[in-house]
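Here is a walk through one protein and the molecule it holds. Have a look at the picture, and then we'll go through it piece by piece.

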Amino acid sequence: MIEVENITYSYGDGTKALDNVSVTFPEEHIFAVTGMSGSGKTTLLNCLARFLRPQSGAIRLNGTEIGGMDEAAFRAGVGVVFQRLNLFPHLTVLENLSLAPVRLGRGAKKGILCEAGEMLERLGIPELAGHYPAQISGGQAQRVAIARGLMLKPGVMLLDEPTSALDAKTSQEFSVWLRELKSDTGFVIVTHDLAFAGETASRGIFMEGGRIVKSGPIRAVLSHIDGGLSA
Ligand SMILES: Nc1ncnc2c1ncn2[C@@H]1O[C@H](COP(=O)(O)OP(=O)(O)OP(=O)(O)O)[C@@H](O)[C@H]1O
Ligand SMILES: [Mg+2]
């Protein structure tokens, strides 16, 4: 579980991107962080991922302030899939999945390759194992990037704009896939794609000008926006 308490983040030029934001992300949900362009979504994600440090407030992972955690413990708890997926082009899908666990000493290479194969099987994409990133589609690459993140078994995985490079049909398939995915990992999805958020998440927040203006079950969050826009 990640608890965010009253965080504020301003960039060097004085832009206040997060203004006293508080939100709790439970692990067992798909949680959507929505809002129009410039509302502070990516800044929030970067604070959760510890790439940015808020000037005030606290972020706790299972009760521990993340600023004080050592790198290995933090990265084991929180995974990140960037908008640009950063799959290694010279490695096959199976090798992409194995790289981090091998480097982090999570086991013998042979065993980890075997686990990677099982992960692809479990996520319904075993046929991609031997492909290189250039040989798979955008939707498949998004799934592979998530499979790679799940290899480290994080409690929470952060996804930044996962559908930005996908067409409507592929986004919808991805949404179904994500909802049906059997995993103990909770997902926090940053997206301006409200249709995708509504289909995929159970709870969410809507941000405006660095503040959370609505939070709760995703339907309620989105109906608030629809109401607001049509009013
Ligand atoms: N590196 C930066 N330096 C200064 N201001 C920034 C920087 N990055 C973002 N901002 C500003 O901070 C605010 C929040 O930006 P952020 O990228 O978090 O929004 P966002 O909700 O992710 O938007 P989008 O949907 O366009 O990705 C905006 O006003 C933006 O212009
Ligand atoms: Mg963004």
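Setting aside residues up to four places away in sequence, Thr 191 touches Val 33, Thr 34, Gly 35, Lys 41, Glu 161, Thr 163, Phe 196 and Ala 197. Keep in mind that what you see is a predicted model. If you want to find Thr 191, go to the loop that runs between strand S8 (186–190) and helix H7 (194–200). Is Thr 191 buried or exposed? Its relative accessible area is 0%, and buried means under 20%, so Thr 191 is buried. The side chain of Thr 191 also reaches the backbone nitrogen of Asp 193, at 2.9 Å.

One of the residues that Thr 191 touches is Thr 34, so let's go there next. Thr 34 is part of strand S3, which covers residues 30–35. This threonine counts as buried too, with 0% relative accessibility. A polar atom in the side chain of Thr 34 lies 2.8 Å from the backbone oxygen of Ile 205. Leaving out residues up to four places away in sequence, Thr 34 touches Lys 41, Thr 191, Leu 194, Ala 197, Ile 205, Phe 206, Met 207 and Val 221.

Lys 41 turned up among the contacts of Thr 34, and you'll meet Lys 41 again around ligand 1. Which residues surround ligand 1? They are Tyr 11, Asp 13, Thr 15, Ala 17, Met 36, Ser 37, Gly 38, Ser 39, Gly 40, Lys 41, Thr 42 and Thr 43. Sorted by class, that shell has three nonpolar, seven polar and two charged residues. Helix H1 (residues 41–48) gives the most to the shell, with three residues.

Here are some distances from the protein to oxygen atoms of ligand 1:

| Residue | Part of the residue | Distance to an oxygen atom of ligand 1 |
|---|---|---|
| Ser 37 | polar side-chain atom | 2.5 Å |
| Gly 40 | backbone N or O atom | 3.1 Å |
| Lys 41 | side-chain N or O atom | 2.7 Å |

Taken alone, ligand 1 exposes 630 Å², and the protein buries 61% of that.

Now for another residue, Arg 148, which sits in helix H5 (residues 138–150). Which way does this one go, buried or exposed? Arg 148 has a relative accessible area of 18%, and the cut-off for buried is under 20%, so Arg 148 counts as buried. Apart from its neighbours within four places in sequence, Arg 148 is in contact with Leu 85, Asn 86, Leu 87, Phe 88, Asn 96 and Leu 97. The chain also brings Arg 148 and Leu 94 together across a stretch of sequence: they are 54 residues apart along the chain, while their C-alpha atoms are separated by 8.9 Å.

Finally, let's zoom out to the whole protein. How many helices and strands does the protein have? The secondary structure comes to eight helices and 10 strands. The radius of gyration is 18 Å, close to the 17 Å that the globule rule gives for 231 residues, so the protein is as compact as a globular protein of that length. Along the principal axes, the C-alpha atoms fill a box of roughly 55 × 40 × 30 Å. Of the 231 residues, 48% count as buried. The protein exposes about 11100 Å², and carbon and sulfur atoms supply 52% of it. As for contacts with a separation of 6 or more, residues 24 or more positions apart account for 65% of them.

Conventions: Residues are numbered from 1 along each chain as its sequence is written. Chains are lettered from A and ligands numbered from 1 in the order in which they are written. This is a predicted model: local features need pLDDT of at least 70, side-chain atom pairs count only at pLDDT 80 or more; totals for chains, interfaces and linings use all residues. Side-chain values use heavy atoms; hydrogens and water are left out. A residue is near a molecule or strand if one of its heavy atoms lies within 4 Å of it. A polar contact is a pair of N or O atoms within 3.5 Å; within protein, one must be able to donate a hydrogen and the other to accept it, and residues adjacent in sequence count only if both atoms are side-chain atoms. Accessible areas come from the Shrake-Rupley method with a 1.4 Å probe; for residues, only the protein chains shown count as cover. Helices (H or I, at least four residues) and strands (E, at least two) are DSSP runs, numbered from the N terminus. Ala, Val, Leu, Ile, Met, Phe, Trp, Tyr, Cys and Pro count as nonpolar, Asp, Glu, Lys and Arg as charged, and the others, Gly among them, as polar. The radius of gyration is taken over C-alpha atoms; the globule rule is 2.2 Å times the number of residues to the power 0.38. Buried means under 20% relative accessible area, exposed over 50%, partly exposed in between (1.4 Å probe, protein chains only). Contact means heavy atoms within 4.5 Å.
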